[in-house]
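This report describes the fold of one protein chain, from its overall layout to individual residues. The sequence and structure are shown first.

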Amino acid sequence: MCDSLTKRKDCHIGSPKIIVVPWPIRVIVVPPPICASIESHITTHHPEEAGGFLDCVRRGRRLRATRHVPIVNDSATPERRFETTVDGRAPPPPRVFYHSHTSPRSVSGLTQIDERSIPETFALVVFAPHGNALSYRGFKRGLLNWQELRIEADQTAKQLPRL
Ligand SMILES: [Zn+2]
């Protein structure tokens, strides 16, 4: 009996439990090369809204973008909406869906339509009423509402402009 207890104990010690703490994501990091690629895509399609995905890796409370995947805007009114279908073009999670707001009358964050219709966990809105990006705002879908996340340029934790 003593032996079997010892064995059980040994076995337990031999395979330590890895404790996974579910820290919520608080920050999306968009490194300068990814930022430049997003802004080029948005400027090229201005005044139509542009969008796509950021392939990401998780680092603690941060999602760090590693690849920009632009997606064609399928909206019938592309100057007011960005619409697409999430299919094989989208990178696997963790990923961030982004789109631009190109009208000066647009809000710099999610619209009510965005909040209802974006079927993703993470969303980024780039406000670019003149074609160049003026503001970056990130959001995470919560149980009841979308919560705002900080958008940082790189690992120096500098925040990207937010309107
Ligand atoms: Zn929108």
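A residue counts as buried if 20 or more other C-beta atoms lie within 10 Å of its own, with C-beta atoms placed from the backbone. The model described here is predicted.

## Overall layout

The protein chain holds three helices and seven strands. Along the sequence these elements follow the pattern α-β-α-β-β-β-α-β-β-β. Of the 163 residues in the chain, 29% are buried. Among contacts between residues at least 6 apart in sequence, 62% join residues at least 24 apart.

The seven strands close into a barrel with mixed pairing, in the order S1-S3-S2-S4-S5-S6-S7. From one strand to the next, the twist averages 35 degrees.

## Strand S4

All of Arg95, Phe97, His99 and His101, which point one way from S4, are buried, and so are Val96, Tyr98 and Ser100, which point the other way. Because seven of the seven residues of S4 are buried, the strand is largely enclosed by the rest of the structure.

S4 pairs with S2 in the antiparallel sense over five bridges. In this pairing, phenylalanine 97 of S4 is the bridge partner of phenylalanine 53. S4 also pairs with S5, in the parallel sense and over five bridges; here tyrosine 98 stands opposite leucine 124 in S5. Between S4 and S5 the chain passes through helix H3 (residues 112-117), and this β-α-β crossover is right-handed.

## Other strand pairings

Strands of a sheet pair through backbone hydrogen bonds, either parallel or antiparallel. Both senses occur in the remaining pairings described here: S1 and S3 are parallel, with three bridges, while S2 and S3 run antiparallel and are joined by nine bridges. Valine 27 has arginine 62 in S3 as its bridge partner, and leucine 54 has histidine 68 in S3. The hairpin of S2 and S3 has two residues between the strands, and glycine 60 takes a positive phi near 65 degrees in this hairpin.

S6 and S7 pair in the antiparallel sense over four bridges. Arginine 141 stands opposite tryptophan 146 in S7.

In soluble globular proteins, nonpolar side chains tend to be buried together. In this model the largest nonpolar core has 31 residues, of which Ile28, Val96, Ala123, Leu124 and Val126 touch the most other members. Two or more residues come from each of S1 (27-29), H2 (32-45), S2 (51-59), S3 (62-71), S4 (95-101), S5 (122-127), S6 (135-141) and S7 (146-152). S5 gives the most, with six residues.

Which residues does isoleucine 28 touch, not counting those up to four places away in sequence? Isoleucine 28 touches Leu63, Val96, Phe122, Leu124, Gly138, Leu149 and Ile151. Helix H2, another contributor to the core, lies across S2, S3, S4 and S5 and runs at about 30 degrees to S3.

## Backbone details in the loops

Two cis peptide bonds end at prolines. One runs from histidine 46 to proline 47, with omega near 5 degrees, and proline 47 is found in the loop between H2 and S2. Another joins proline 93 and proline 94, with omega of about 0 degrees; proline 94 has its place in the loop between S3 and S4.

## The segment after S7

Alanine 157 is found in the segment after S7. Phi of alanine 157 is near 70 degrees, a positive value in a residue other than glycine. Is alanine 157 buried or exposed? Alanine 157 counts as exposed because it has 11 C-beta neighbours inside 10 Å.

Leucine 163 also lies in the segment after S7, and with 11 C-beta neighbours inside 10 Å it counts as exposed. Leaving out residues up to four places away in sequence, leucine 163 touches Ser108, Phe127, Leu134 and Ser135. The C-alpha atoms of leucine 163 and valine 107 are separated by 9.1 Å, with the two residues 56 apart along the chain.

Technical notes. Residues numbered from 1 in each chain as written. Predicted model: local features only at pLDDT ≥ 70, side-chain atom pairs only at ≥ 80, totals over all residues. Buried ≥ 20, exposed ≤ 12 C-beta atoms within 10 Å, placed from the backbone. Contact = placed C-beta atoms within 7 Å. Core = buried A, V, L, I, M, F, W, Y, C linked by C-beta atoms within 7 Å. Pairing = 2+ DSSP bridges. Right-handed = clockwise from strand over helix to strand, strands pointing away. Axes fitted to C-alpha atoms, helices over the stretch in contact; angles between N-to-C directions.
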